[in-house]
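Work through each task before reading its solution.

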Amino acid sequence: MSLAELQELESASVIASYARTPVEFVRGEGPRLWDAEGNEYLDFLCGISVTNVGHCHPRVVEAVRDQVARLMHVSNLFYTEPAMRLAERLSASSLGGKVFFCNSGAEANEAAIKLVRKARRTGDVVVVHGAFHGRTYGALSATPQEAKQAPFAPLVPGFRAVAPEPGALSAAVDERTAAVMLEPIQGEAGVHVLSEELLQAARAACDEHGAALVFDEIQCGMGRTGTLWAYEQTGVIPDAITVAKALGGGLPIGALVTGERLADVLEPGDHGSTFAGGPVIAAAALAALALTDDETMLENVRERGHALAAGLERLPHVVSVRGRGLMLACELDVPAPPVARRALFEQRLIVNATGPTTLRLLPPLTIGEAEVDDALGRLDSALEDQ
Ligand SMILES: *Cc1c(COP(=O)(O)O)cnc(C)c1O
């Protein structure tokens with residue numbers, strides 16, 4: 001089927017909620033993708049920080065192949081070993097409490113919101129401007145962006161958005177606050193690292209008023225910033241984190257992971273999901289987590305991240321570079337969307353524009369020195385033609 005035929009099917013049959021780029025991918029391996037015409041691309045976006053271990057990693061493929069042929073689904077009415085092992089591993093590698101599985105990032109945040117509301121019934125959830133927590137109603141209500149929220153009012157009540165400043169945040173938290181929810185590094189907003197002072201102010205305010213501090217690590221977690229979790233580099237330990245995107249090694253899964261204080265808030269009947277933590281996805285996630293929670297891999301993220309950031313700073317039209325590890329964005333003095341398009345169509349490098357002058361790079365955590373240099377060369381060409 002040609003691309004034109006796919007586009008015809010799309011316009012006839014697919015709800016137009018995405019503005020797709022006209023490329024059809026048919027195969028992926030490591031940091032590379034191939035389109036239907038056989039062209040090879042270097043993927044520095046990873047399906048928005050999902051294929052962090054590279055496309056079709058052999059260990060993930062093997063885990064899925066092995067499990068899918070034996071048992072696909074039984075529901076959460078019964079036990080399967082992969083789910084229990086994954087919960088144990090996730091908890092042990094982070095906050096030491098308990099895990100609720102779901103199927104996406106938005107659902108992980110829904111679980112977090114339900115949990116903190118149940119812990120303090122009257123409570124508001126305080127979020128910060130620029131945040132992105134997902135598209136379902138609770139997660140959307142926690143996402144203070146006019147364009148995303150306005151068409152879908154009325155939203156879920158009880159969310160308060162404040163400026164990402166320590167004073168504003170502290171002032172918004174009182175004994176009625178259920179939780180403060182933030183991304184330590186705001187991804188969709190264009191890779192904005194929240195300041196240490198802000199995170200510390202959030203921690204202090206939550207401690208003072210008995211509120212929960214929830215970090216959305218859906219994009220910045222799973223090794224993306226050079227430690228397994230972004231909070232490890234902040235000196236602040238949250239009461240719960242939400243995880244998704246890269247957790248399944250390319251397949252859909254989300255998880256809410258608590259510390260000990262919140263581990264037993266949800267009880268039988270409080271929340272659920274038919275598919276969540278099924279044996280196939282749990283096997284995939286166990287493989288992805290084992291690959292990622294590895295000092296050699298994380299050191300690679302830090303080293304390649306430094307090299308990529310330094311290289312980006314030297315490119316034409318790059319005004320500044322921000323981010324941590326391999327979660328980077330550069331601010332340009334020219335419009336970013338045409339640069340991303342040229343990088344894709346002329347240089348076969350996949351990056352994306354998160355704003356009018358912002359380019360975001362989320363390469364696989366497995367990339368080597370040669371691929372960083374290759375990507376910088378391609379981006380240089382895309383920028384030079386400007
Ligand atoms: C992608 C993302 C979400 C939503 O995840 P979905 O799987 O698309 O529902 C939530 N929070 C952050 C920080 C994200 O990057």
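**Exercise 1.** Determine which residues Leu379 touches, not counting residues up to four places away in sequence.

*Solution.* The model is a predicted one. Step 1: contact requires heavy atoms within 4.5 Å. Step 2: with sequence neighbours up to four places away set aside, the partners of Leu379 are Leu312, Leu315, Val339, Ala343, Leu349, Leu359 and Leu361.

**Exercise 2.** Describe the largest nonpolar core and state which residues touch the most other members.

*Solution.* Step 1: this core contains 82 residues, and the members touching the most others are Leu312 and Leu379. Step 2: helix H10 (residues 279–292) provides the largest share, eleven residues. Step 3: domain 1 (3–57 + 295–384) and domain 2 (58–292) each contribute at least three residues to this core. Step 4: another core, of 21 residues, lies apart from it and includes Phe100, Ala108, Ala112 and Ala142. As a general principle, nonpolar side chains in soluble globular proteins tend to be buried together.

**Exercise 3.** State what percentage of the residues in the chain is buried.

*Solution.* Step 1: a residue is buried when its relative accessible area is under 20%. Step 2: of the 386 residues in the chain, 54% are buried. Step 3: the chain exposes about 17000 Å², of which carbon and sulfur atoms supply 53%.

Conventions:
Residues are numbered from 1 along each chain as its sequence is written. This is a predicted model: local features need pLDDT of at least 70, side-chain atom pairs count only at pLDDT 80 or more; totals for chains, interfaces and linings use all residues. Side-chain values use heavy atoms; hydrogens and water are left out. A nonpolar core is a set of buried Ala, Val, Leu, Ile, Met, Phe, Trp, Tyr and Cys residues joined through side-chain atoms within 4.5 Å. Buried means under 20% relative accessible area, exposed over 50%, partly exposed in between (1.4 Å probe, protein chains only). Helices (H or I, at least four residues) and strands (E, at least two) are DSSP runs, numbered from the N terminus. Domain bounds come from an automatic or database domain assignment. Accessible areas come from the Shrake-Rupley method with a 1.4 Å probe; for residues, only the protein chains shown count as cover.
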